[in-house]
Amino acid sequence: MKFAPFIIATLVALMLSGCANVKPWHRDLLAKDHMALDSDPLQSAFNDHIYFSKEASSGGRGFGGGGCGCN
Amino acid sequence: MMKTMSNKPYISASLALATSALLGHSAAAEEGWQVDSGLLIYNEADGRVQAVEPVIAVTRNFEDESSISTRLTLDTLSGASPNGAAVAAVPQTFTSASGIARLEQAEDDDDDHEIEEYGDRAYYVTPAGDTPYDENFEDNRTTASVSWLRPLNNGFKLNLGGAYSTEGDFTSLSVNAAISKDLAQNNTTLSLGMNLEFDEIAPDTGIPEPMTSIIAAESAGSTDTKQVTDVVFGITQVMTRRWVSQLNFSVSQSTGHHDDPYKFLTVADQGNLIEDPNDNGLTGVTTYLYLYEHRPEERQKMSIYWQNKVAIYANDAIDISYRYMTDDWGIDSNTLDLTYHLNVRGLFYLEPHYRFYEQSAADFYTPYLELGTDVVTAGTSITSLTEFASADPRLGAFSADTYGLKIGVPFMDHHEVSLSYETYSQTDKNEYKSAPAGSDLDGQDQFAELSANWLQLGYSVRW
Amino acid sequence: MVTTMTPEFQLTLHANHCRITFPAMASLCEVLLDTTDTQLALTLGELARDEAQRIEQKFSRYRDDNAVWAINHSHGKPVTVDEETAAMMGFAETLWHLSEGRFDVTSGVLRRAWRFDGSDNVPDERDIRALLPLIGWQQVIWQSPQVTLPEGMEIDFGGIGKEYAVDKVFEQLRQRWNGALLVNFGGDLRAHGPRGDGQPWQVGVEQVIADQPTKVISLTEGGLATSGDARRFLLKDGVRYSHILDPRSGWPVADAPRSVTTIAPTCLQAGMLSSLAMLMGSDAEAYLDHQKVRYWSLR
């Protein structure tokens, strides 16, 4: 991953430029429930727990609520 | 720039958002309660683990946009888990020191009930050519967590939380704090969070001394601990009217006991299983040499997570996320997750889902240890030349696909019921460790590919 | 609406509540507090008066010492505004988009042609056409926090200011006191309840048509606003010209209701919805039905 720092910098710049300054009345679509970044926290928690106990990676979105003896 | 007259657009939502922005709130505040409940039914192929997990979460939202949330999860697990020994062309009997001790005690006491109870646990047999599983895996875990969100001045928000989890042989306590700031008319949110976790492991057989024979019963104590610190920095950005994106950087440091006290590795001499010099001759069964695994006391992980959610038409959406993780155990992983939210006539929604995962093996992952190279014996003494080794498939190289479908049905104003079914299957990507032709380990499977499926039921209500 | 002379600030103690009144924004402003603690009422009342007058001073077009004056006298040069004014500008822009151009804070210049004094002085079409080039938010260059207003145009927050003041005063009082209260600036109001006796606030809405009994609305929580043409109209040849002007034509909106009263979570939302409904003319009721808003209209 030699290109990692370059890729990260590009992603950050892309994120912060935000393409367009989105006007408040244009956020109606994003306000819908299914557009939330985590629209079903319980399901995400179930899935995160399953993958945490079967794989070597964890997290990404944030951090889970509590450890377990499963890994 | 002026739009042509559309047929009575619905503006209440946009007006509410605009009003909140003018009055200096970051989002329209709605006071009320929310209860989310769920049930997970999980099943692995080949008679491995089965679990049933109910969960309930209660959230109270306040007018000032703060909220408190509590969650309770119960986990009942049972079934079989690979014990780390290699598949061999001969049957293998696994004895457990404490199992033997209990059985001997029961026989001395002439306690039929105890003999029946522990008879199974003293030893179990894996047929030739099968993956060795420890069948007696049963556990119940309870997790409780609480979280408090509070908006502060100037667009800052504070989140504090804690969690406590307990199961037969493991207890975990964690606290977390995060702060976030909204910028650019709420188009950008920066956040920084930290999680501190303290775990204690207390296996019923005690902590085995790593890299020692499983029947030698060398103990390193009855309990051990580990501490984990996670830090996450995130940027959430509204890119366009339809597209919101989140980029998170996380680092994690874990210090303490990482060994799985129930997992060990086969020691082979030119591919053949060796009798354990400590064999105490229990009921005339040949017990082979297996050494308890050992993992480093430190683990540092770093990950980058990028998620994008794009609204399609008026009511559909696509969710794409990618995560890259790397750690100092030599494991790198890539995860790609895709979900499409399809709204069907406003009556219900479908969410087909696909996840791709791949990981490389840990540096110390090996399907078995070699006599002479990794381990030497002299009489009854066994010395490991390798400091760290584990055959736990979770640390091996593999890829995995998940396919799933969820259906959600909203009803009666703020109620929703949902059902989701997913299947998961792993594919071995490890380098094969060849054994001499004709030996016990020659040509045998070296990685127990996991297949599992699960069903999730959910019910939410808000008022 | 009361037009008699009122003293600067008045506090009256009633059986179970205190009433504070003061003039602001060309209206009688009233704050009702469900308490008999006059010291508390005095403190809260003064807070309300100070905030109302602060907002009036800041956004009034009648003053020559505020940002609005600076913008309206900028002769086409860019002006940088503070956070609150920027928020107000953003809100005005949103309203212009949501109303598809009917709600336009640059339409104030039309008052040079229209004087709604109940007479029959309907202006000449030519006078109105001369003003049209000076109207239209699409000509405003707004890039927060900088606004560039072309020469000859003017910005008037009159249609937003009062409702904004009601909500701001309401929030200030709620932050300091948890009891039931009602903030009413000349008919645009916001309430928090229920009252001490468990009852909602009883709000009397004056009816524009004579002989109609005052309508009483029960309000526990939220905002209420009325848009109407009670006293401001022109009557010529039997045709009534409402003071609600469509900025795209310069003429009054045809077939607007005599009055529209709406209820919404905030006074701003109630006020904007009633204004937008009036601007829809004959479609006012259908428009409000579609927005799923509680309302009353009179024709």
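In chain B, strand S23 (residues 415-428) and S24(B) pair in the antiparallel sense over eleven bridges, where two strands count as paired if DSSP finds at least two bridges between them, and where helices (H or I, at least four residues) and strands (E, at least two) are DSSP runs numbered from the N terminus. The model is a predicted one, in which local features need pLDDT of at least 70 and side-chain atom pairs count only at pLDDT 80 or more, whereas totals for chains, interfaces and linings use all residues. Residues are numbered from 1 along each chain as its sequence is written, while chains are lettered from A and ligands numbered from 1 in the order in which they are written.

Elsewhere in chain B, strand S9 (residues 188-201) is joined to strand S10 (residues 224-240) by 14 bridges in the antiparallel sense, with Gln237(B) of S10(B) as the bridge partner of Thr188(B). S10(B) pairs in turn with strand S11 (residues 243-256) of chain B, likewise antiparallel and over 14 bridges, and Gln237(B) stands opposite Ser245(B) in S11(B). S10(B) and S11(B) form a hairpin with two residues between them.

Chain C contains an open sheet of eight strands in the order S1-S2-S3-S7-S8-S11-S14-S15, with antiparallel pairing. Its edge strands, each pairing on one side only, are S1 (10-13) and S15 (294-298) of chain C, and neighbouring strands are turned by 10° against each other on average, direction ignored; angles run from 0 to 180 degrees between N-to-C directions, and axes are lines fitted to C-alpha atoms, for helices over the stretch in contact. Strands S2 (residues 18-24) and S3 (residues 27-33) of chain C pair in the antiparallel sense over seven bridges, and the bridge partner of Phe22(C) in S3(C) is Cys29(C). Helix H5 (residues 158-176) of chain C lies across strands S7 (181-185), S8 (188-192) and S11 (221-228), running at about 20° to S8(C), while helix H6 (residues 267-279) of chain C lies across S8, S11 and S14 (259-264), running at about 30° to S11(C).

A further open sheet of chain C has three strands in the order S4-S6-S5, with antiparallel pairing. The edge strands are S4 (78-80) and S5 (141-143) of chain C, and neighbouring strands are turned by 15° against each other on average, direction ignored. S5(C) and S6 (residues 146-148) of chain C pair over three bridges, with Gln143(C) opposite Gln146(C).

Finally, 71 residues of chain B are in contact with 40 residues of chain A.

Conventions
Contact = placed C-beta atoms within 7 Å.
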